[in-house]
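Welcome! Please take a look at the sequence and the 3D view below, and then follow along as we walk through the fold, its core and its charged pairs.

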Amino acid sequence: MPQTMNFHSRKWVKPEDLNANQTLFGGSLLRWIDEEAAIYAIIQLGNERTVTKYMSEINFVSSARQGDIIEMGLRVTNWGRTSLTLQAVVRNVFTGEKIITIDKIVMVALDEQGNPKPHGYREVTFKRDRVPHRLVRRRASDAELGATQDGADPFTEDL
């Protein structure tokens, strides 16, 4: 059963994001997608040394203008031994139109020497238990330093 597309991040199209046609510059959009895919893959693979290996053909379907808000969606399409393959869709929040589709983004987990590293995962999680351990320790020590008077973790919020 295919995973649903999850739209995790939104961006506001500002003047510095525009091209000569006064529409969203493709380079800005690709940078945002690459960053979104990297953050998603780092959490899913539990490895902060995760890099983009491959992006398939990029299909620009429509554009956005200054002041529009766009949202980026990702879906896992395959789990490899050292990689995670994603599909991406970006759409305009105001119009609902798709702006871009990318059928295949391959993210690869690396070891300290820059070699592909097996990750051992086969399913998506939205828990923080895959945040790289080195970062979890840092986060815990930051919480101790910044703990509230009632002892609550300052990094958590009741939603």
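## A first look at the chain

Among contacts in the protein chain between residues at least 6 apart in sequence, 68% join residues at least 24 apart, a contact being heavy atoms within 4.5 Å. What you see is a predicted model, in which local features need pLDDT of at least 70, side-chain atom pairs count only at pLDDT 80 or more, and totals for chains, interfaces and linings use all residues. Residues are numbered from 1 along each chain as its sequence is written, and side-chain values use heavy atoms, with hydrogens and water left out.

The protein chain has two helices and six strands, where helices (H or I, at least four residues) and strands (E, at least two) are DSSP runs numbered from the N terminus. Followed along the sequence, these elements give the pattern β-α-β-β-β-β-β-α. Of the 159 residues in the protein chain, 38% count as buried; buried means under 20% relative accessible area, exposed means over 50%, and partly exposed lies in between (1.4 Å probe, protein chains only). The protein chain exposes about 10,000 Å², and carbon and sulfur atoms supply 50% of that area. Such areas come from the Shrake-Rupley method with a 1.4 Å probe, and for residues only the protein chains shown count as cover.

## Strands side by side

Let us begin with strand E4, residues 69-79, which runs antiparallel to strand E1, residues 6-12, and is joined to E1 by six bridges. Two strands pair if DSSP finds at least two bridges between them. Along this pairing, Phe7 stands opposite Gly73 in E4.

E4 also runs antiparallel to strand E5, residues 83-92, with nine bridges joining the two. A hairpin connects E4 to E5 through three residues. Trp79 has Leu84 in E5 as its bridge partner.

In the segment before E1 you will find Thr4. Thr4 counts as exposed because its relative accessibility is 54%. Thr4 and Arg75 are 71 residues apart in sequence, but their C-alpha atoms are 6.5 Å apart in space. Leaving aside neighbours within four places in sequence, Thr4 is in contact with Leu74 and Arg75.

## The nonpolar core

Which residues touch the most other members of the largest nonpolar core? In this core of 27 residues, they are Leu29, Ile33, Ile70, Leu84, Leu86, Val90 and Ile105. A nonpolar core is a set of buried Ala, Val, Leu, Ile, Met, Phe, Trp, Tyr and Cys residues joined through side-chain atoms within 4.5 Å. The elements that give two or more residues to this core are H1, E4, E5 and strand E6 (98-109). H1 gives the most, with eight residues.

Beyond its neighbours within four places in sequence, Leu29 is in contact with Leu24, Phe60, Ile70, Val90, Ile99 and Ile100.

## Charged side chains

Side chains of opposite charge can pair when their charged atoms come close. The structure holds three salt bridges, each a side-chain nitrogen of Lys or Arg within 4 Å of a carboxyl oxygen of Asp or Glu.

| Salt bridge | Closest N and O atoms |
|---|---|
| Glu71 and Arg10 | 3.2 Å |
| Glu16 and Lys14 | 4.0 Å |

Salt bridges that share partners join Arg10, Glu71 and Arg91 into one network. How do these three differ in their cover? Glu71 is buried because its relative accessible area is 8%, whereas Arg10 counts as exposed at 52% and Arg91 as partly exposed at 28%.

In the remaining pair, Glu16 counts as exposed at 58% relative accessibility, while Lys14 is partly exposed at 36%.

Finally, turn to Asp17, in the loop between E1 and helix H1 (26-45). Asp17 is buried yet has no salt bridge, and the nearest side chain of opposite charge, Arg31, is 4.7 Å away. Here Lys and Arg count as positive and Asp and Glu as negative, while His and the chain ends are not counted. Apart from neighbours within four places in sequence, Asp17 is in contact with Trp12, Thr23, Leu24, Phe25, Ser28 and Trp32.
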